[in-house]
Amino acid sequence: MSAFAGNLWLAVLLGWAAWGVLSLGLSAPWSIVVGLAVGAVCAFGLRETLALRGVVAVLGPIGVVIPLLALRQMAGVWGVPVQPFGTPELLVFLVAYLVFLAAAMGALPAEIYRLGYAPLWVAGIVLAICAYGLWQGSVFLPALAVLAQILWAMGWGSSNYFDHILHVGLIPAVLIVLVVRLFSHFTG
């Protein structure tokens, strides 16, 4: 990924984390603005420090999905209408992604990951994601698919499309959302 785009994604992630901490004492608009400012200063000014190199190594490849999810959450706090992902959608995503990861690691006799190198397959995947997002009335999924395809086509970051739209960090995030929904269902 270009240095600027990589620093921008890192700034969003660090800003999102700073916002989470700052929101304990500041109101939503100020905690988001200050959090993003802190993220930008750290990502663009302190990028070569050992700590930030470690963050990048742990999260890499960052791709597009995690920063866009962070921006989506911050926009929702600012009052932008955000359509939540449904529980069935999250369950299907979780199972499909676990199967994808198992196949990518050789535990299943399928090579799904290699489809992310093929332009025609990527175009089909992008169209399918866009169609599903539009059918659901969601802007997020088509935006994710198209932005990832642009970065993939420009050669910014991984040469595999799946590295742009997926991240292994989504598994614990989805599991946490599902557990919280389960407990809130039983606790009323």
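A: Let's start with the terms. On a 1 Å grid over the protein atoms alone, a pocket is an open set of points with protein on both sides within 12 Å along at least five of seven lines, whereas a cavity is a set of points where a 1.4 Å probe fits but cannot get out; lining residues have an atom within 4 Å of a point. Points are joined across faces, edges and corners, and a volume is the space filled by probe spheres set on them. This is a predicted model, so local features need pLDDT of at least 70 and side-chain atom pairs count only at pLDDT 80 or more, while totals for chains, interfaces and linings use all residues. Residues are numbered from 1 along each chain as its sequence is written, and side-chain values use heavy atoms, with hydrogens and water left out.

Helices here are DSSP runs (H or I, at least four residues), numbered from the N terminus. H5 gives the largest share of the pocket lining, eight residues. By type, the lining has 35 nonpolar, three polar and three charged residues. Nonpolar covers Ala, Val, Leu, Ile, Met, Phe, Trp, Tyr, Cys and Pro; charged covers Asp, Glu, Lys and Arg; the others, Gly among them, are polar.

About 60 Å³ of space lies in the largest cavity. Phe 85 is among its lining residues, along with Arg 72, Gln 83, Pro 84, Glu 89, Tyr 132, Gln 136, Ser 138 and Leu 141. That lining splits into four nonpolar, three polar and two charged residues.

On to the packing. A nonpolar core is a set of buried Ala, Val, Leu, Ile, Met, Phe, Trp, Tyr and Cys residues joined through side-chain atoms within 4.5 Å; buried means under 20% relative accessible area, exposed over 50%, partly exposed in between (1.4 Å probe, protein chains only). The largest core has 32 residues, of which Val 64, Leu 144, Tyr 161, Phe 162 and Ile 165 touch the most other members. H1, H4, H5, H6, H7, H8 and H9 each give two or more residues to this core, and H7 gives the largest share, seven. Leaving aside neighbours within four places in sequence, Leu 144 is in contact (heavy atoms within 4.5 Å) with Val 64, Val 65, Leu 68 and Ile 165.

A polar atom of the Asn 160 side chain lies 2.8 Å from the backbone nitrogen of Phe 162. Not counting residues up to four places away in sequence, Asn 160 touches Tyr 113, Gly 116, Tyr 117 and Trp 152.

Key: A polar contact is a pair of N or O atoms within 3.5 Å; within protein, one must be able to donate a hydrogen and the other to accept it, and residues adjacent in sequence count only if both atoms are side-chain atoms.
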